[in-house]
Amino acid sequence: MSEIDIQRRQFLKTSVGAAAVAIASGMMLYSVAQGKSEGASSKVRWGMLIDTNQCKPGCNDCVTACNNENGLSGGTLPTDSQWIRKIEIKDISSGRELSLPMMCQHCEHPPCVDVCPTNASMKRADGIVLVDKHRCIGCRYCMMACPYKARSFVHEAQHDQNPDVPRGKGTVESCTLCVHRIDVGGKPACSEACPNKAIIFGDLNDPNSEIAQKVHSVASVQIRADLRLNPGVRYQGL
Amino acid sequence: MASSTPTLESLRTKNRLYWLLLAIGGLVAMAGMYAVHMMESHGHIITGMNNQIVWGMPHVFAIFLIVAASGVLNVASIGSVFGKAIYKARAPLASLLSIAMLSGGLTVLMLDLGRPDRIIVAATNYNLTSVFAWNVLLYSGMVGLVVVYLWTMMERRMNPYNKMAGIGVFVWRFVLTTGTGLIFAFLTARQAYGSALLPPMFIVLSFAWGMAVFHLVQTSIYMWNEKEIAPAILQRKKHLLGVFVLGSLYMVATYHFTNAYFSHQQGFERFILMDGGVYPSLFWWGYIVLGNIVPLVLLYAPGIQRDRWTALASLLVVTGGFALLYVFIIGGQAWPLQLFPGYEVSSTFADGQISAYSPSIYEFLLGLGGLSIAFLITTVSVRVLNFMPQDKPYIAD
């Protein structure tokens, strides 16, 4: 083997080695950046059952908990974000009054996802409907399409954000079902904060879960069921 | 066609006037850019839009421009597809106006986005179920197709392909305006929208608005060149505009009658046509009286033959168009979503309430900026290229 051949072989070895080191470290960084390796499972359907008989008029604990958890100001101007709100309703014919929380209903067939031009509105395999903040162009078509008025537009720059819940001026946002808590085994802040346990959170697909058993045994309804969106949030006592 | 011989002095004056027009258009466009800059740095907080009235004044301007951009091509279609000579002579001008208005309208829509800097995201991620994503393709395709169509008209060697391109444009603009109507037709949860009547309604509205814009521009160009439109041609144009105005009035009436027929829609109809404050006023006075009845009188009353009356009728049709779109877009959102039929509803998020909206100066500036872009494109193109309709001695087709 000539001197040149040996040098050439040495050069190739070094190059392959350097490339392997570069790619391997890149791959490691990539996997770190991706977080947990397993994604959301389609075997799970996260949902909530809200017992309106237990929900007290005037109580705002779920709203406050949501605001604190997600770094919302709690303001109620038309330009302020409200991911969850209390609605007071009164039956016009009977006069019966009820109070209930309203938020993203995490539909199985979400209109916001259908209309989003850039796929920024998306539904995870486990049924949670989210907005990809890096893809949202702020066209607000999803806000027009949502039957529950669940979405808010960020009208101005945000400060002191919760690192788990990034928000950005010029993009649309809504209840994430506290996905950052769910992914580490927790439950949504509103459900945890309710003093009367009126908001039951769990996996609708798991027959042993409290929510699945309750949905099986008590009458509950979906709001605007006529639209056949199959929301993951159900209401009892309406 | 009467014309006077231009003198050196009159040409100089016109030249100055041309630059003055460009300067005015440019200033308005710059004011629009200023509004965009403000909205970019402060956010939409400085507009009148909010979480209840999600789309505002910019959308009224943008949708008018886009709908009229499609309708103005009628003139071209009647020429190229149906072979009518006096329309064929006007097809290049109609095509130019279409490109100009599409550009203006799309610029407004794009710059109103919360994140206009992410335009590349919109261009590279298509959700095939989204009407907005379809429209990105439909609008850009329209501009491309009309450019080709213009080429087949203005380049002699391409003339044989003119009919083919004309048919392409004819079909495309129907699909395009259907797409614009579908933006609202698919919003099934909102009572003002979610109707299959909306795409055809937008198509017929586009005929009237496009024809009106065309007539305004044509009148200006004839005035500029100190020429008069042959009375027979004017007569045909007037009748066509009148028929389109009547047709669009029929579609709008059908939309409201259909709504009023369903008991669950009657509250909304009462709001938009009777109790809703600014919306019924704009609908009846702005759209019906100023935008339809007065123009129809101007177009059809015996003894009114002058070109300038037709121009005034056209201007009123355009004004009525803006009034109708304001009622449709803003009024439609002001009416609350019905989450609990049969219940009185209240919340901190305006549930069960009529939402208030007052557009800010920035929204107007952005919308006017879009208009000025259409104006600048038209003015410069008419100056540097030959868009003046060249009529042969008039022969009935």
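Guide: What follows is a conversation about a predicted model, in which each term is set against its criterion.

Visitor: Let's begin with a single residue. Why is B:Val382 called buried?

Guide: A residue counts as buried when 20 or more other C-beta atoms lie within 10 Å of its own. B:Val382 has 21 other C-beta atoms within 10 Å, so it qualifies as buried. Its place is in helix H14 of chain B, residues 361-384.

Visitor: What does B:Val382 touch, leaving aside residues up to four places away in sequence?

Guide: B:Val382 touches B:Ile221 and B:Phe387 on that count. As for distance along the chain, B:Val382 and B:Leu93 are 289 residues apart in sequence, while their C-alpha atoms are 8.2 Å apart in space.

Visitor: What makes helix H3 of chain B mostly covered?

Guide: The count of buried residues does: H3(B), residues 73-80, has 8 of its 8 residues buried. They are B:Leu73, B:Asn74, B:Val75, B:Ala76, B:Ser77, B:Ile78, B:Gly79 and B:Ser80.

Visitor: Which helices do the buried residues of H3(B) pack against?

Guide: They pack against helices H2 (57-71), H4 (85-88), H5 (91-111), H8 (162-185) and H9 (198-224) of chain B.

Visitor: How many residues are in the largest nonpolar core, and which have the most contacts inside it?

Guide: That core has 176 residues, and those with the most contacts inside it are B:Phe64, B:Val72, B:Leu97, B:Trp209 and B:Val327. Let's take B:Trp209 as an example. Neighbours within four places in sequence aside, B:Trp209 is in contact with B:Phe64, B:Val67, B:Ala68, B:Gly71, B:Val317, B:Val318 and B:Gly321.

Visitor: On to chain A. How does its radius of gyration stand against that of a compact globule of 238 residues?

Guide: The globule would have a radius of gyration near 18 Å, but chain A has 24 Å. Its C-alpha atoms fill a box of roughly 100 × 45 × 30 Å along the principal axes. Buried residues make up 40% of the 238 residues in chain A.

Visitor: What share of the contacts in chain A with a separation of 6 or more is between residues 24 or more positions apart?

Guide: The share is 61%. As for secondary structure, chain A has 7 helices and 10 strands.

Visitor: Which strands of chain A form an open sheet with mixed pairing?

Guide: There are 4 strands in it, in the order E8-E1-E10-E9. Strands E8 (199-203) and E9 (220-221) stand at the edges, each with a single partner strand, so one side of each is left without a neighbour in the sheet.

Visitor: How do you know that E1 and E10 of chain A pair?

Guide: Pairing asks for at least two bridges between two strands. E1(A), residues 46-51, and E10(A), residues 233-236, share 4 bridges in the parallel sense, so they meet that criterion. A:Leu49 stands opposite A:Arg234 in E10(A). Helix H7 of chain A, residues 210-217, lies across E1, E8, E9 and E10 of chain A, at about 110° to E8(A).

Visitor: Which strands form the open sheet that has E1(B) in it?

Guide: The order is E3(A)-E2(A)-E1(B), 3 strands with antiparallel pairing. E3(A), residues 97-103, and E1(B) stand at the edges with a single partner strand each, so one side of each lacks a neighbour in the sheet. From one strand to the next, the twist averages 30°.

Visitor: What makes E2(A) a partner of both E3(A) and E1(B)?

Guide: The bridges do. E2(A), residues 84-91, is joined to E1(B) by 5 bridges and to E3(A) by 7 bridges; the criterion is at least two, so both pairs meet it. A:Glu88 stands opposite B:Ser346 in E1(B), and A:Ile87 has A:Leu100 as its bridge partner in E3(A). In the hairpin of E2(A) and E3(A), with 5 residues between the strands, A:Gly95 takes a positive phi near 80°.

Visitor: How many residues does each chain bring to the contact between chains A and B?

Guide: Chain B brings 40 residues and chain A brings 43. On the side of chain B, the largest share, 5 residues, comes from E1(B). That side divides into 20 nonpolar, 16 polar and 4 charged residues.

How values were computed
Residues are numbered from 1 along each chain as its sequence is written. Chains are lettered from A and ligands numbered from 1 in the order in which they are written. This is a predicted model: local features need pLDDT of at least 70, side-chain atom pairs count only at pLDDT 80 or more; totals for chains, interfaces and linings use all residues. Two residues are in contact if their C-beta atoms, placed from the backbone, lie within 7 Å. Ala, Val, Leu, Ile, Met, Phe, Trp, Tyr, Cys and Pro count as nonpolar, Asp, Glu, Lys and Arg as charged, and the others, Gly among them, as polar. Axes are lines fitted to C-alpha atoms, for helices over the stretch in contact, and angles run from 0 to 180 degrees between N-to-C directions. A nonpolar core is a set of buried Ala, Val, Leu, Ile, Met, Phe, Trp, Tyr and Cys residues joined through C-beta atoms within 7 Å. A residue is buried if 20 or more other C-beta atoms lie within 10 Å of its own, exposed if 12 or fewer, and partly exposed in between; C-beta atoms are placed from the backbone. The radius of gyration is taken over C-alpha atoms; the globule rule is 2.2 Å times the number of residues to the power 0.38.
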